[in-house]
Amino acid sequence: MEILNNILIYFVIVPVLTLGGLALCNNKGMNAIRAVAATGATVLVALALWLVCIFLQARGAGDTSEMILLSKVSWYAPLNIELALGVDGVSVVMILLSAFIVFAGVFASWKMNPLPKQFFLWFFLLSTGVFGFFISIDLFTMFMFYEVALIPMYLLIGVWGSGNKNYSAMKLTLMLMGGSAFLMLALIGIYMHSAPQGQPLTMNILQIAQNNAVPHDWQMYLFPMAFVGFGVLGAMFPFHTWSPDGHASAPTAVSMLHAGVLMKLGGYGCFRIAIYLMPFAANELGWIFLTLTGISIIYGAFSACVQTDLKYINAYSSVSHCGMVLFAILMFNQTAMTGAVLQMLSHGLMTALFFALIGMIYGRTHTRDIREMGGMMHIMPYLGVGYVIAGLASLGLPGLSGFAAEMTIFMGSFQHPDMFHRVFTIVGASSIVVTAVYILRVVGKLLFGEVQNEHHRELTDASWDERFSTAVLIVCVAIIGCFPNFFINIISDSFLPVVKALGNVVGM
């Protein structure tokens, strides 16, 4: 089949082959399980780097505002459903992010117990859904992979989690499935109006955007359903409540993949489907969701300030930082949207680093309460330094990824001529101060305070696998912070079709 000549399909085939390899492993063959998981994750990183090279080559040959590596094969002809693949700059960097976090997550779970084989099976099934979502340009295929990415979360938290894991897993599943119900209704509505009367309906996102046939009155109903459907996964206020509980109970690698990649499906879907396919409603109703995302930014930051559990602190911080993603997308200009994708990259890496370090600290101290810990920099210097780097990236220190992302977001947002948008930009920017407060508070108490438990003095620092997984993430955070233009050049042109569609609506 021609589609097998497309590198994109291998982002689905490799995780599936990894699942097959894991299924053949003996339940007690830990070395074989680790070897299969590490091989699959390494191949995914290699494919992602190869894809970046292909994209850069295509950019040098022409306009990268359009999709590349387009291919399709019919799945169900009566409804015109296809396995349609394609990527632009946004898709490429999201695939790159996903590959590195899956890779780091495998090594962060090197000593996973119990049931390591089953854990990695569900972990790579979730990864299959994530990669499939980012490479799909067919509404049905994208929704199918979206569901594949969500379903494993229940078992990964319910079986391998900690604390009130059954409640957290059920709450997460019910809320995300509720968002999926809204999303499914929106996608059906878009499909039913995907082409002018008399022409065959289509699920292809590029064709729907070209046809621009969704009536304005229908957009006013479908846009909120699509934005809420994806916004639930993006932890948009007031649909965010599943996120802190889910993060707090999830095992380390699942928290890394969940916060680092899975939540990015929400922002990506809002941009790719809600805004791109329904620009009229986006212009008319965007202010409502801009208000909600502005609340997410401030609410998440202040909520993190009053938490004492390390995972809850990072979970509420994720609500704030993911709010910035949706906030910037709703500014409808190229600079702010570019900042949104940079923020997805930055937050994905630094929150994965946070959760990895928190899991390693918890595995030694058996507590996540900062009131019961102190002086960890002297006891576990490597983990302490890693936590400081993640914290500095989160509060936006120049030279790390958070600074480049947030500066691009707020500079792009303030370019909006409307005073309402500028006021909300100032409000959103104030969260930087609050972020610095809770990050420095935790770093001071956890790492440099007095040792609260004498038994902690006997703890060991990070092992080789833990050092390796966190070092990969630290290097990526530094690369984005030091060379943001490399990623901006990949990303920025991909927003031109969306900005053009929004501009055409405003000019009507």
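User: What is the relative accessible area of Asn80?
Analyst: Asn80 counts as partly exposed. That class lies between buried (under 20% relative accessible area) and exposed (over 50%), with a 1.4 Å probe and protein chains only. The value for Asn80 is 27%.

User: What pLDDT do local features need here?
Analyst: Residues are numbered from 1 along each chain as its sequence is written, and side-chain values use heavy atoms, leaving out hydrogens and water. This is a predicted model: side-chain atom pairs count only at pLDDT 80 or more, totals for chains, interfaces and linings use all residues, and local features need pLDDT of at least 70.

User: Where does Asn80 sit, and what is its phi?
Analyst: Asn80 is in the loop between β1 (68-76) and β2 (81-87). Strands (E, at least two residues) and helices (H or I, at least four) are DSSP runs, numbered from the N terminus. Asn80 is not a glycine, yet its phi is positive, at about 60°.

User: Which loop holds Pro114?
Analyst: The peptide bond from Asn113 to Pro114 is cis, with omega near 10°. Pro114 falls in the loop between α3 (89-108) and α4 (116-135).

User: What is omega for the bond from Phe237 to Pro238?
Analyst: Pro238 lies in the loop between α9 (216-233) and α10 (242-249). The bond from Phe237 to Pro238 is cis, with omega near 0°.

User: How much space lies in the largest cavity?
Analyst: A cavity is a set of points on a 1 Å grid over the protein atoms alone where a 1.4 Å probe fits but cannot get out; lining residues have an atom within 4 Å of a point. Points join across faces, edges and corners, and volume is the space filled by probe spheres set on them. The structure holds two cavities of 30 Å³ or more. The largest has about 70 Å³.

User: Which helix gives the most to the lining of the largest cavity?
Analyst: The lining divides into eight nonpolar (Ala, Val, Leu, Ile, Met, Phe, Trp, Tyr, Cys, Pro), three polar (the others, Gly among them) and no charged (Asp, Glu, Lys, Arg) residues. α14 (310-329), α15 (334-365), α17 (381-394) and α20 (431-448) each supply at least two residues. With four residues, the most comes from α14.

User: How many charged residues line the second largest cavity?
Analyst: This cavity has about 40 Å³ of space. Its lining includes Lys264, Cys322 and Met344. By class there are four nonpolar residues, two polar and, for charged, one.

Methods:
On a 1 Å grid over the protein atoms alone, a cavity is a set of points where a 1.4 Å probe fits but cannot get out, and a pocket is an open set with protein on both sides within 12 Å along at least five of seven lines; lining residues have an atom within 4 Å of a point.
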